[in-house]
Amino acid sequence: MVASNISDFLPKLSRFDLQGRQREMQKQLEYVDRIFENIIQGRIEANSRKNEGEAEEDRRKDFVQVLLELKEEKDAAISLDITKIKALLMDIVLAATDTTSTMVEWVMTEILNNPGVMRKVQDELTGVIGMNVVEESHLPKLTYLDAVIKETMRVHTPAPLLVQRCPDESCTVGGYTIPKGTIVYINVWAIHHDPKNWTDPLEFKPERFLIDKWDYHGNNFKFLPFGSGRRICPGIPLGEKMLMYILASLLHSFDWSLPEDEEFELSDEFGSVTKKRKPLIAIPSQRLSDATLYF
Ligand code: HEM
């Protein structure tokens, strides 16, 4: 899915599928489709087996259940069928998992590469949380960790070209005419590394995000890790909270070091999500004195 496709650049050749990308995508799509189909059919069968007493007890609804109930609502604002439910699940799973896990890996990489940053993050965690486990209420107080995550998003821009745009009317943007139907890529990686926007753009300096007020809502065009406009990431609240929570827990509960014989490197791989070329290997050791907190 993240590989370049010659058909995107020369659409006239697309029907020949020269690199076999279309065929490969179709195969992968059918595979993932079967997984979602099984999950949905399994839930429909489980729902129909439930007697009313059991249904009353089980008050927690997950995303699949909410969508299935919406599908049955006669006067719902949107009409859903199984195909649309599968598409929604696919959207969420693909968009949410890869981005979040990749960013956790990059933040840990930068922190291990900058021991001073690790010390400051852990001092902040100790000050806010003490020697307990991280809870959601601590997260808004972790301003330095937040700055570290934002600086990592700037340096290792998660989705360097965002989601392509395609205007349905010809338009002019910044003095450039964009004909109707053009596929437009927005190079956010370049914006995040432009010396006109950032001093020492190649350096990792979380402090820059402590000075001004920065957020992920796409209104400041110098910083767009979640995109902007109508297609901005709808998962920002969840993504932001999950990143803070996972990283705070990893860094508060454990000290981290690198294997001695491991060659450390920061290079990335081009794709729709910027992955680390070589997976990070790091060694945790217990940080909290109360061992029972780990069970
Ligand atoms: C660190 C975490 C995440 C990052 C960095 C991220 C980043 C992005 C970016 C850059 C886009 C394209 C926006 C644009 O082109 O303007 C996007 C789209 C999207 N994201 Fe996220 N995302 C994250 C987490 C999530 C989560 C947790 C969810 C769902 C629960 C999610 C759901 C989506 C969806 C459905 C789209 C497509 C929106 C559309 O095309 O209209 N993302 N994300």
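Helix H6 (residues 115-129) packs against H7 at an angle of about 140°, and their axes lie 8 Å apart. Here axes are lines fitted to C-alpha atoms, for helices over the stretch in contact, and angles run from 0 to 180 degrees between N-to-C directions. Helices (H or I, at least four residues) and strands (E, at least two) are DSSP runs, numbered from the N terminus. On the H6 side the contact is made by Val117, Lys120, Val121 and Glu124, which meet Tyr144, Leu145 and Val148 in H7. Two residues are in contact if their C-beta atoms, placed from the backbone, lie within 7 Å. The residues of this contact of H6 with H7 divide into five nonpolar, no polar and two charged. In this grouping Ala, Val, Leu, Ile, Met, Phe, Trp, Tyr, Cys and Pro count as nonpolar, Asp, Glu, Lys and Arg as charged, and the others, Gly among them, as polar.

The structure is a predicted model, in which local features need pLDDT of at least 70 and side-chain atom pairs count only at pLDDT 80 or more, while totals for chains, interfaces and linings use all residues. Residues are numbered from 1 along each chain as its sequence is written.

The protein has ten helices and six strands, and its C-alpha trace spans about 65 × 55 × 40 Å along the principal axes. Of its 295 residues, 17% count as buried. A residue is buried if 20 or more other C-beta atoms lie within 10 Å of its own, exposed if 12 or fewer, and partly exposed in between, with C-beta atoms placed from the backbone. Among contacts between residues at least 6 apart in sequence, 66% join residues at least 24 apart.

Helix H7 (residues 143-155) also packs against helix H10 (residues 236-253), at an angle of about 115° and with the axes 11 Å apart. That angle makes H7 roughly perpendicular to H10; angles under 35 degrees count as roughly parallel, over 145 as roughly antiparallel, 65 to 115 as roughly perpendicular and the rest as oblique. The crossing of H7 and H10 is right-handed, where a crossing is left-handed if the near helix is turned anticlockwise from the far one by less than a right angle, and right-handed if clockwise. Leu145, Asp146 and Ile149 in H7 meet Leu243, Met244, Leu247 and Ala248 in H10. The residues of this contact of H7 with H10 comprise six nonpolar, no polar and one charged.

From H5 the contact draws on Thr99, Thr100, Met103, Val104, Val107 and Met108, and from H10 on Gly239, Met242, Leu243, Ile246, Leu247 and Leu250. The residues of the contact of H5 with H10 divide into nine nonpolar, three polar and no charged.

Cys233 lies in the loop between helix H9 (208-211) and H10. An unreviewed UniProt entry places the feature "binding site" at Cys233; UniProt positions are given in the numbering used here, feature names are shortened, and annotations may be inferred rather than shown by experiment. Cys233 is buried, because 22 other C-beta atoms lie within 10 Å. Leaving aside neighbours within four places in sequence, Cys233 is in contact with Phe226, Gly227 and Gly239.

Several other loop positions complete the picture. Glu135 sits in the loop between H6 and H7 and is exposed, with 11 other C-beta atoms within 10 Å. The C-alpha atoms of Glu135 and Tyr245 are separated by 7.8 Å, although the two are 110 residues apart along the chain. Lys278, in the loop between strand S5 (275-276) and strand S6 (283-286), counts as partly exposed, with 15 C-beta neighbours inside 10 Å. Asp17 has a phi near 45°, a positive value in a residue other than glycine, and is placed in the loop between helix H1 (6-9) and helix H2 (21-49). Asp200 likewise has a positive phi of about 45° although it is not a glycine. Asp200 lies in the loop between helix H8 (188-192) and H9 and is exposed, with 9 other C-beta atoms within 10 Å.
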